Amino acid sequence: TNCLCPCLSIVEFEIKVPSEPQLSIVGQHVVLDCTFPVGKVWDLASSVITWERGLEVIHSFYYGQDQLDRQSRHYANRTSLYHSEMKRGNASLMLDHTNLGDKGDYTCSVSTVLGSQKTIPLKLKSTVLYHTNLGFLGCKMLTEILVLTSQGGYPRPLVQWLDDSGDDVTNKTVIHLLEDTHGLYSVFSTLTLQGPVNKTFTFVLKNKDLRQEIRRAITLQRSVEKVERVSEANRKIWTILVPIVTFVLLLFVLLISALRKTCGPVENKCKNIYIYIYI
């Protein structure tokens, strides 16, 4: 007997998400990509799209419209689908106003007249740009201290100091990384130099997830009153920097205390103190 349907072929229903982690910058929107096969017949009313993170429902679509009754409060008013693109197989999710709490593994489920499937987890990573302030604290003819502060970044950064020969002098520094209640990192780094120095030192901070690299350089001369500004174009208007400068000055007070110990409790070698702030 002959097969009744010798030419029948079954098309596998497969929905796809990126294999590589997707990156969101906190405060901005991110699109979690998901596509599915449509075929020649598209029926919106019988199609179901659901995004989840673990047991949390992020966004649901069925009966031809969004269904958000079971949506997690964490995502309220922050999610949307591309309704006009569904007929082309687009089930991607847009997530607005991202925060560190959004990172994790997401799954996309699609069901149509052709079939249904749930994807493997799609990893979402969150990151926050770092902004740094470089300062100089000088104790005339005795001690010079380079001060670097950076606030509110994520993930944990890589920190490095280089001299003007490109040699790594990080092991001569003191670096503190502090994590706040929101999971953001602040960096406090100091490089202490004994005696007047004629060198350029460069601070390097790397945010590996964003491939962000910040370099801040400062040139020291024998006269501490003539510290060279490496990049004049990087100056900011002081009125905008009041909160930042205030923060750095608080750190400065702590450094003065440490500096007094270096200079001795009685001697007046450190009467002339200079501080310079660069952005």
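Reader: What makes Lys206 partly exposed?

Author: Lys206 has a relative accessible area of 32%. The term covers values between buried (under 20%) and exposed (over 50%), with a 1.4 Å probe and protein chains only. Lys206 is therefore called partly exposed. This is a predicted model, in which local features need pLDDT of at least 70 and side-chain atom pairs count only at pLDDT 80 or more, while totals for chains, interfaces and linings use all residues. Residues are numbered from 1 along each chain as its sequence is written, and side-chain values use heavy atoms, with hydrogens and water left out.

Reader: Why is the contact of Lys206 with Glu213 called a salt bridge?

Author: The closest N and O atoms of Lys206 and Glu213 are 3.9 Å apart. A salt bridge requires a side-chain nitrogen of Lys or Arg within 4 Å of a carboxyl oxygen of Asp or Glu, so the name applies. Glu213 is partly exposed, at 41% relative accessibility. Lys206, Glu213 and Arg215 are linked in a network of salt bridges.

Reader: What do Lys125 and Asp209 form?

Author: Their side chains meet in a salt bridge, at 3.2 Å from N to O. Lys125 lies in strand β10 (residues 122-127) and Asp209 in the loop between β16 (199-207) and β17 (212-220), so the pair ties together parts 84 residues apart in sequence. Strands here are DSSP runs (E, at least two residues), numbered from the N terminus.

Conventions
Helices (H or I, at least four residues) and strands (E, at least two) are DSSP runs, numbered from the N terminus.
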